[in-house]
Amino acid sequence: MPSLRLDLSVRSNTTLQRLRPRLEERYAHRVDPGMWESFKRRLESQFEALFAPVFALYGDHYDFFFHLETIVQTITEAWIEREGGLCGLDALREEDRSWFQSHRMVGATCYVDLFAGGFKALGDHLPYLKELGITYLHLMPIFRSPEGEDDGGYAVSDYRNVDPKLGTVEELREVATLFRQHGISLALDFVLNHTADEHEWAKRALDGDPNFQAYYRMFPDRELPDAYERNLHDVFPDDHDGAFSYRPRIKQWVWTTFHTYQWDLNYANPALLRQMTEEMLFLANLGVEVIRMDAVAFLWKELGTDCQNLPHAHDVLRVFSAAARIAAPATTLKSEAIVHPDEVRKYIHMDECQLSYNPQLMALLWDALATRKTTGLRVAMERRFQIDPGCAWVNYVRCHDDIGWAFSDEEVEAAGFDPRSHRRFLTKFYTGQHEGSFSRGLVFQENPETGDARVSGMTASLAGLEHAIEIDDPAEIELAIRRIVLLHGVIMTIGGMPLIYLGDEIAMLNDYGFEDDREKYADSRWVHRPPFDWERSERRHDNSTPEGRVYQSLQRLIQLRTQSLAFDRAETEFVDVGNEHVFAFFRNRDEHSALIIANFSENPQSISAKRLRNLGLRKTVVDTFKGEVITAGHELDVEPYQLMVLATGSSHAAARAALD
Ligand code: GLC
């Protein structure tokens with residue numbers, strides 16, 4: 001009996017043979033023959049990667065071939081429309097699919113309106129980004145969304161037209177081209193789990209059109225919603241209970257995982273997947289190099305499950321990924337899955353999302369800062385940091401969202417804490433409710449039933465700067481600055497792409513203005529979405545200010561990262577240096593190696609020099625971050641919250657080879 005895999009290959013091949021002449025007839029005359037040949041080669045090499053998930057999703061539909069063919073047509077048409085300049089990038093990226101692993105890559109995120117005002121003005125701020133060393137810029141949602149409440153743009157009313165306040169699609173395309181010319185890759189969101197209820201499709205559904213009602217998940221009574229809800233977890237409990245919202249006009253319960261105005265799309269409908277493939281490739285053809293796949297955990301629903309991270313959610317992503325590789329190979333997908341670490345990892349694959357946020361690292365960095373202990377962080381990283389070698393983590397300290405304690409219970413237990421009470425402690429700590437806390441965050445979406453809650457706040461406020469300035473204590477200010485630099489030091493060096501939440505590089509504080517805004521006051525995430533403070537940024541070269549200190553330290557870290565080969569596509573090796581307050585790891589590439597040492601406590605720490613020598617370090621080492629030669633006789637002394645980047649050259653590599 002042939003194996004299942006072989007069977008799939010045979011089916012895929014047969015299908016391709018049937019499709020080929022039909023595509024040839026429809027499209028070959030529209031393009032240059034040489035280009036057509038190269039497209040066909042690409043389609044052939046990627047066809048099984050497309051066929052397999054489409055078949056897994058819809059193989060039992062009577063009209064499967066029809067839907068597959070329309071998806072392939074959509075991909076082909078998007079390729080035909082692709083601009084010459086982007087095709088050049090496609091060719092380069094096909095040669096180097098893991099381009100984002102380069103140590104040259106340093107990311108930043110911003111809201112266009114809050115950072116610059118609009119697309120044109122964003123172009124004017126290019127020098128600022130270049131001065132810092134940014135090579136990747138994620139613009140928060142820019143497409144049309146409802147006036148008033150719109151979940152920060154994550155309720156999209158139109159995937160083809162941008163928010164008119166920001167400019168036009170043409171201006172966006174121009175800014176993407178300008179940034180690309182300056183070596184900055186643009187990233188945009190693809191909000192693919194839901195649309196706004198103002199989207200044309202939702203309006204048509206509300207008008208009673210069954211084809212558009214089938215784009216969403218709607219139920220005429222509570223029978224199925226009740227059945228589903230038995231296993232669902234509330235995502236935004238402040239907004240509504242359960243996952244459904246009633247629409248009296250059509251007398252239907254609509255699936256709304258997030259806000260009531262965000263309608264979940266129905267990927268069980270192949271026509272919807274085809275449509276969304278077209279929307280995604282539109283983004284790729286704008287010159288977007290990284291597409292952030294929003295809320296991927298929720299894409300598929302099945303009765304009797306919690307409707308998160310289901311296998312078919314992965315199939316849906318595999319279809320998008322294959323479509324991008326065929327039509328626009330310069331494009332890379334990044335997954336946004338803020339779920340259990342084991343599930344986060346499953347989205348990371350060359351055939352799925354090649355990049356992924358690293359929510360576990362983010363949460364554990366804050367955990368280590370609160371507890372002053374790094375055991376949980378080290379154990380978690382040892383177990384879960386390695387991913388598919390062609391892929392990369394996107395490591396961040398803060399983003400536009402809340403901080404959820406998205407680490408696994410096992411690692412909390414390994415560190416000696418009870419997971420439930422530990423998570424509560426962290427929320428209390430970061431919202432300033434714990435005695436001795438330096439932090440000034442706000443609670444986000446507290447669930448009274450489970451006791452779960454998340455935290456909002458800017459890095460600087462969470463790390464103690466706001467409080468220290470209030471009590472006007474220079475020593476506390478110093479500690480807060482060091483904490484901010486420490487966290488960023490880890491994300492810059494640990495492996496993967498660092499992502500700075502713009503504003504953090506100049507230590508911007510919480511913005512409480514949202515509390516007076518009718519549309520925002522109920523969502524505490526707005527406390528960390530302030531307008532960019534350009535006046536503050538003018539002091540970035542002034543070393544006597546916190547903003548100057550933080551900015552210059554981050555700039556120095558970026559320079560270190562991009563200048564040292566120890567950070568270029570290098571492996572990461574976590575080490576236990578025998579001091580629970582200190583987190584440490586090597587970066588190794590061939591003969592290049594660096595040891596990063598991060599003290600998560602406000603007290604000086606020491607590491608036994610013998611231990612360091614066992615790890616292959618010499619007595620005299622250079623801390624490239626501080627620019628200092630250190631001789632560790634008996635012990636290596638580490639200052640409060642100090643980050644050291646020790647150049648270990650070939651000695652560590654040799655020590656490792658000797659051990660092997
Ligand atoms: C993602 C976004 C978040 C948004 C949600 C719903 O998690 O990061 O801001 O609320 O998706 O789209």
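Visitor: Which residues lie nearest the centre of the largest cavity?
Guide: In this predicted model, the largest cavity has a volume of about 110 Å³, and its lining is made up of 15 residues. Strand 1 (107-110) and helix 5 each supply at least two residues of that lining. The residues that lie nearest the centre of the largest cavity are Cys 110, Tyr 111, Leu 114, Leu 502 and Pro 530.

Visitor: How many residues of the lining of the largest cavity are nonpolar?
Guide: When the lining of the largest cavity is divided by class, 3 residues count as polar and 1 as charged. The remaining class, the nonpolar one, holds 11.

Visitor: Which strand gives the largest share of the lining of the second largest cavity?
Guide: About 70 Å³ of space lies in the second largest cavity, and the residues that line it include Leu 139, Pro 141, Tyr 159, Leu 188, Asp 189 and Phe 190. By class, this lining has 10 nonpolar residues, no polar ones and 1 charged. Its largest share, 3 residues, comes from strand 5 (residues 185-190).

Visitor: Which helix gives the largest share of the lining of the second largest pocket?
Guide: The second largest pocket has a volume of about 810 Å³ and is lined by 36 residues, with Gly 148, Asp 150, Gly 152, Gly 153 and Trp 526 nearest its centre. Both helix 5 (112-115) and strand 3 (143-144) supply at least two residues of this lining. The largest share, 3 residues, comes from helix 5.

Visitor: What percentage of the area that the ligand exposes when taken alone does the protein bury?
Guide: Around the ligand stand residues that include Tyr 154, His 194, Phe 236 and Arg 525, and the shell divides into 3 nonpolar, 3 polar and 6 charged residues. Polar side-chain atoms come to 2.6 Å from a ligand oxygen atom in the case of Asp 151, to 2.9 Å for Asp 294, and to 2.4 Å for Asp 401. Taken alone the ligand exposes 300 Å², and the share of this that the protein buries is 94%.

Visitor: How many residues apart are Arg 325 and Asp 351, which form a salt bridge?
Guide: Side chains of opposite charge can pair when their charged atoms come close. The structure holds 54 salt bridges, and in the one between Arg 325 and Asp 351 the closest N and O atoms are 3.3 Å apart. Arg 325 belongs to helix 13 (residues 311-327), whereas Asp 351 sits in the loop between helix 14 (341-346) and strand 13 (355-357), so that the pair links distant parts of the chain.

Note on methods:
Residues numbered from 1 in each chain as written. Predicted model: local features only at pLDDT ≥ 70, side-chain atom pairs only at ≥ 80, totals over all residues. Heavy atoms only, no water. Near = heavy atom within 4 Å. Polar contact = N/O pair within 3.5 Å; in protein donor to acceptor, adjacent residues only side chain to side chain. Areas by Shrake-Rupley, 256 points an atom, 1.4 Å probe, with all protein chains shown as cover. Nonpolar A, V, L, I, M, F, W, Y, C, P; charged D, E, K, R; others polar. 1 Å grid on protein atoms, 1.4 Å probe; cavity = no way out; pocket = protein on both sides within 12 Å on 5 of 7 lines; lining within 4 Å. Points joined across faces, edges and corners; volume = space filled by probe spheres on them. Helix = DSSP H or I, 4+ residues; strand = E, 2+ residues; numbered from the N terminus. Salt bridge = Lys/Arg side-chain N within 4 Å of Asp/Glu carboxyl O.
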